[in-house]
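Colleague: I have this one open next to its sequence and would like to go through it with you. Can we start with the surface and then work inwards?

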Amino acid sequence: MRIRVLGSSAGGGFPQWNCNCANCDGLRRGSIKAKARTQSSIAVTVNGADWLLVNASPDILAQIQANPELQPARTTRDSGIAALLLMDAQIDHVTGLLMLRECQKPLPLLATPEVFSDIAEGFPITKILSHYCGVNALPLRLDAGFLPVPGLDGMAVLPVVLSSKPPPYSQFRECPRPGDNIGLVIDNPATGQRAFYAPGLGEMTPELLALMAECAVVLVDGTFWTEDEMQRLGFSSKGARQIGHLPQSGAGGMIEQLATLPTSVRKILIHINNTNPILREDSAERAVLTAHGIEVAFDGMDIAF
Ligand code: MLT
Ligand code: MN
Ligand code: ZN
C-alpha cells in the first residue's frame, strides 16, 4: 500500500497568494532553501491504479496534473480516484469537490455526519453539486471499527475522533462536536501495517498515542512551530491550539508527544503553514526535527507501508 502526498501545505498553500512573510517572500525571490507546496491532501492506493483521495483541496486539479498516476485513462472519461474521504469540512479540504463536478457518477464521498452537515449548510457544496454530478454520501461510522472502502479492495480505514475545530464558517465553530475532525488509521491487511493521518490535530491524548504507537508511519499536524506564530506576525489574534492545531515546539507540543512513540514508528509532519520555519530546509527548527527523527512532508512524497 502506498500514500502519495498531493499537498503538504495548510490552507493558503506555500507561497500564499497575498503573503509576504519571510517564507513566502523568500520562496518567491529564491532566497531561501524551500519547496513550494499545495494545499492539504493525500491519495492512497493498493494497486497503483485505484486511489482513495483523502481531502479535496482547492489545488486538486493541479495535483492531479502533477501526479499522472491518478489519471490511468482507461476510458474516454476516467479517473483513478475511486472514492473520496474528508477529514473535516475546512475550506482547504473540501473546496476541490466543486472542481470534480464533471464526474460521470455521483462522487462516492465518505465523511462523518457532522462534516456532511457543514458542507450541506454552512458551505453548501453538496447542494451545489446536486446540480452537477451529485454526491453519493457514505456516512462514516465512528463506532464500527475498521471500515472497508467502496471500490478499493484490500484497504480498511478507522476514523478516529480528534479534538480540533470545525471551520470558521461552521455554526459549530465554538461548540465542536465529536466528528467535526477525524484522524484516519489506514490498514494494509496484506502486511498488517498501518498508517495514521491527522492534518488537523489540536490535542494529543493517551488513547491517540497508543493508536499511533501501533502504526508503521504517522502523518500528523505540522501547521505551526509555535503557539503564537500567527499572533507574532500580526496575522491572527488566536493561538495555534485555539484554531485547532497543536504546535511543534514548547511544553506538550508535537515534538514532545512524538518522542514518546516507539523508534520503529516513522514520524512525518504534514499540513505545514506557510509561516512555519521548518519549511526552510536549513533552518535551526528543521535541524531540531531531524535530531528527533521527524520528517517534513513535501508534495509528491511517496510512503509505502
Ligand atoms: C486550518 O486547518 O486551520 C486551515 O488550513 C484553515 C483554512 O483552510 O483556511
Ligand atoms: Mn487546514
Ligand atoms: Zn507566508
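Modeller: Bearing in mind that this is a predicted model, the protein exposes about 12500 Å², and carbon and sulfur atoms supply 54% of that area.

Colleague: And what about charges, how many positive and negative side chains are there?

Modeller: There are 24 positive and 30 negative side chains in the protein, and the centres of these two sets lie 4 Å apart.

Colleague: How compact is the protein for its length?

Modeller: The secondary structure comes to nine helices and 14 strands. The radius of gyration is 18 Å, close to the 19 Å that the globule rule gives for 305 residues, so the protein is as compact as a globular protein of that length. Along the principal axes, the C-alpha trace spans about 50 × 40 × 40 Å.

Colleague: What share of the residues counts as buried?

Modeller: Of the 305 residues, 54% count as buried. As for contacts, if you take those between residues at least 6 apart in sequence, 67% of them join residues at least 24 apart.

Colleague: Give me an example from the inside. Where is Leu 109 found, and what is it in contact with?

Modeller: Leu 109 is found in strand E5, which covers residues 107–111, and it counts as buried because its relative accessibility is 0%, where the cut-off is under 20%. Leaving aside neighbours within four places in sequence, Leu 109 is in contact with Leu 84, Leu 86, Leu 97, Phe 116, Ile 119, Val 135, Asn 136, Ala 137 and Leu 138. Asn 136 from that list is 27 residues away from Leu 109 in sequence, while their C-alpha atoms are 5.9 Å apart in space.

Colleague: Switching to the metal, which residues coordinate the manganese ion?

Modeller: The manganese ion, ligand 2, is coordinated by Asp 92 through OD and by His 271 through NE2, at 2.1 to 2.2 Å. That pair links distant parts of the chain, 179 residues apart, with Asp 92 in helix H3 (residues 91–94) and His 271 in the loop between strand E12 (266–270) and helix H9 (284–291).

Colleague: Are those two buried or exposed?

Modeller: Both Asp 92 and His 271 are buried, and for His 271 the relative accessible area is 5%.

Colleague: Last one, where does His 131 lie?

Modeller: His 131 lies in the loop between helix H5 (125–129) and strand E6 (135–139), and it is exposed, with a relative accessible area of 67%. His 131 and Arg 101 are 30 residues apart in sequence, and 9.0 Å apart in space from C-alpha to C-alpha.

Definitions and conventions: Residues numbered from 1 in each chain as written. Chains lettered and ligands numbered in written order. Predicted model: local features only at pLDDT ≥ 70, side-chain atom pairs only at ≥ 80, totals over all residues. Heavy atoms only, no water. Helix = DSSP H or I, 4+ residues; strand = E, 2+ residues; numbered from the N terminus. Buried < 20%, exposed > 50% of the residue type's maximum accessible area, 1.4 Å probe, protein only. Contact = heavy atoms within 4.5 Å. Donors = N, O, S within 2.8 Å, 3.2 Å for Na, K, Ca; no water. Rg over C-alpha atoms; globule rule 2.2 N^0.38 Å. Areas by Shrake-Rupley, 256 points an atom, 1.4 Å probe, with all protein chains shown as cover. Lys, Arg positive; Asp, Glu negative; His and termini not counted. Charge placed at Lys NZ, Arg CZ, Asp CG, Glu CD.
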